[in-house]
Amino acid sequence: MKAEQFSDVVTGHGEGPVWWPDAGLRVCDGFAGRIRSLDETGRVVADQHVGTFVGAFRPRESGGLVASNERSFVLIDEAGSVQDLGELWSSTRLRMNDGGCDPQGRFYCGSMTFSGDSPEGVLYRLSPDGQVEAVLDNLFIPNGLVYSADGALAYFIDTGTHAVRVYEVDEDGSWGAMRIVADLAGRSPDGMTIDAAGNLWVALWGAGRVVCLDPVSGREVESIEVDAATQTSACAFGGADLDQLFITTSAQDGAGGPHGGAVFVASPGVRGRLPEPFAG
């Protein structure tokens, strides 16, 4: 299967796509520190400035957005005003990367070194009351966080390990035992989403491709090629019937092909799920 180009080049480093009813598709333009809103034709219709870097965001139940700045979490109200919740570390060697929410409405985002070659990253969890906790450490490049429909399993990617992990989730929402769902040695799994049947859709950085994995066996059951944009970074289901897969790409470091930074779309014949919103 091949994806079609949905937009012009609209980001330098595209990441973290989210489709939401009445808001449509929004994507992160990472190093520009902004969230871009696209209409049904792929045209940019609005920008939300977040900070010096943004890799992930989610809608808030109360209206507005929660997002990650370079070294902090931020809350954005419906008018677009940004409240920074304070730096979580002072080192300029690290920045936030990808994230998402759990069924309890808590927002997770992981840190990484800018080079991504040292396991200094931490996965942080922001609760609706503003409390921040560390969930995992010793991470290279935290990416692709999604939950099973019943909330009993959390799927997570650390790109530097080339693997998709799954954690058992306790009743209180804490993460327990872990196993490897898929070892993608030789490939670099990046952002991830989940469909209504529980299959995992994983963007492969540097490969110009998104693959669908069986969540139990890790077997590849589908593959979507993204022509002319090799740095495929993340994906999300959207559209009125949640049957379109939107794929972000990047032109980071001047690479990524002639259309790096454009958004692509495919119709894989399955429906997705809306992401969990932030409860704060």
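What is the relative accessible area of A228?

A: A228 has a relative accessible area of 33%, so it counts as partly exposed (buried is under 20%, exposed over 50% and partly exposed in between, with a 1.4 Å probe and protein chains only). Before going on, a word on the basis: this is a predicted model, in which local features need pLDDT of at least 70 and side-chain atom pairs count only at pLDDT 80 or more, while totals for chains, interfaces and linings use all residues. Residues are numbered from 1 along each chain as its sequence is written, and side-chain values use heavy atoms, with hydrogens and water left out.

A228 sits in the loop between β21 (220–225) and β22; strands are DSSP runs of E with at least two residues, helices are H or I runs with at least four, and both are numbered from the N terminus. Its backbone has a positive phi of about 65°, although A228 is not a glycine. D253 is another non-glycine residue with a positive phi, of about 60°. That residue belongs to the loop between β23 (244–249) and β24 (262–266), and at 74% relative accessibility D253 counts as exposed.

Rings of Phe, Tyr and Trp (its six-membered ring) pair if their centres lie within 6.5 Å; planes under 30 degrees apart are stacked, over 60 edge-to-face, and the rest tilted. By this rule there are nine aromatic pairs. One of them joins Y147 and W175 edge-to-face, at 6.5 Å centre to centre and 70° between the planes. This pair links distant parts of the chain, with Y147 in strand β14 (residues 142–147) and W175 in strand β17 (residues 175–183), 28 residues apart. Y147 is buried at 1% relative accessible area, and W175 is buried at 13%. Another edge-to-face pair is W201 with F237, at 5.9 Å centre to centre and 90° between the planes. F237 lies in β22 (residues 232–238) and W201 in β19 (residues 200–205), so this pair ties together parts that are 36 residues apart in sequence. W201 is buried at 2% relative accessibility, and F237 is buried at 2% as well. Ring pairs also link Y147 and W175 with Y108, F156 and Y167 into a cluster.

β22 and β14 meet us again at the largest cavity, where each supplies at least two residues of the lining, as do β2 (14–20), β10 (94–101) and β18 (188–194). On a 1 Å grid over the protein atoms alone, a cavity is a set of points where a 1.4 Å probe fits but cannot get out, and lining residues have an atom within 4 Å of a point. The largest cavity is lined by 26 residues, and R58, V146, M192, T193 and P275 lie nearest its centre. Its volume is about 300 Å³, taken as the space filled by probe spheres set on points joined across faces, edges and corners.

Notes. 1 Å grid on protein atoms, 1.4 Å probe; cavity = no way out; pocket = protein on both sides within 12 Å on 5 of 7 lines; lining within 4 Å.
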